[in-house]
Amino acid sequence: MEVESRSFASKHEERVTKGRKTFGSWRLLISIIGLVVGSIGGPLLTRVYFVHGGSRIWLTTLLQFVAFPLCLPFMYFAYLHRKRRGENSLVVLSPKARVAGLGLGILNTVICYIYGYGSLSLPLSISTIILYAQVVFNALFAFLLVKHKFTVFSVNALVVLVSGVVLLGVQSSSERSPGEDNTRYYKGFVAMIGTSVLNGLLFPLIEWTFLKFKQKLSVTAVVELQIIFSISGGVFTVVGMLINHDFLVHCRPFEGRHSSSLWKKLSAI
């Protein structure tokens with residue numbers, strides 16, 4: 001009987017382990033799909049908005065924070081799972097890590113705002129390549145903050161990306177619209193480089209936060225930090241919109257030379 005009991009327990013443990021691996025694989029796949037869709041669709045939709053007459057940078061900043069309620073069901077099920085194991089804590093992040101998350105959310109707001117300005121002023125092809133040059137600064141800050149080491153492959157990738165950005169800066173006249181203001185164009189170029197630098201700083205700072213406050217790294221902890229990011233950044237953005245009178249002055253969709261015909265019809269009623 002004892003042998004059979006041990007065999008049953010061993011098989012049960014194997015099934016549980018296999019189930020966790022399968023769940024982890026699906027979770028990773030969904031995360032990758034979401035990252036790819038967001039990385040491609042986000043810049044594209046932002047540029048489409050500006051091309052069709054949009055000019056509200058604070059609005060595009062806010063839109064990057066408003067999807068956090070999609071994470072709440074996951075947090076609820078994660079809480080139920082912890083409760084079944086006898087852990088009654090509502091959150092897993094320590095108080096210090098939560099406070100750090102608020103500061104990181106404000107930094108992310110600054111990043112999103114200057115990214116919006118860069119997207120307003122630059123063609124999508126140029127802004128996207130400059131933005132993804134953030135891996136250069138990501139590697140640099142990761143080396144400085146969390147002691148990540150450089151490899152031959154990472155150095156080669158950094159050299160190629162830096163060369164691409166430099167060439168874009170020199171040979172970018174063909175991408176520009178006729179009659180485009182030079183000052184605004186170069187301000188957008190600088191803004192997008194600033195976005196790349198700060199984005200490269202943000203992710204090592206997140207890892208440094210977990211190491212500094214000895215916070216256990218888990219999916220739940222990362223999602224909690226993302227929610228704190230979004231709430232902090234959203235509140236900060238709304239304050240900026242109030243100061244800029246965005247809710248009063250810019251109240252029509254797609255304001256500009258391509259105003260919506262539907263809005264005109266509704267206004268005439």
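How many residues does helix α3 have, and how far does the helix reach from its first C-alpha to its last? Helix α3 covers residues 72-84, which makes 13 residues, and it reaches 19 Å. That is close to the 18 Å expected at 1.5 Å a residue. The model is predicted.

**Helix α3**

- The buried residues of α3 are M75, A78 and R82.
- Looking down the axis of α3, these buried residues fall within an arc of 60 degrees, so they line one face of the helix.
- The buried residues of α3 pack against α9, which spans 219-243.
- F77 and R84 are exposed, on the other side of α3.
- G86 follows α3. The phi of G86 is positive, near 90 degrees.

**The nonpolar patch**

- Two helices, α6 (134-146) and α7 (152-170), each supply at least two residues of the patch.
- α6 gives the most, with four residues.

**A closer look at L144**

- Is L144 buried, partly exposed or exposed? L144 has a relative accessible area of 48%, so it counts as partly exposed.
- The cut-off for exposed is over 50%, and buried means under 20%.

Note on methods: Residues numbered from 1 in each chain as written. Predicted model: local features only at pLDDT ≥ 70, side-chain atom pairs only at ≥ 80, totals over all residues. Heavy atoms only, no water. Expected span 1.5 Å × (residues − 1). Buried < 20%, exposed > 50% of the residue type's maximum accessible area, 1.4 Å probe, protein only. Arc of directions from axis to C-beta. Contact = heavy atoms within 4.5 Å.
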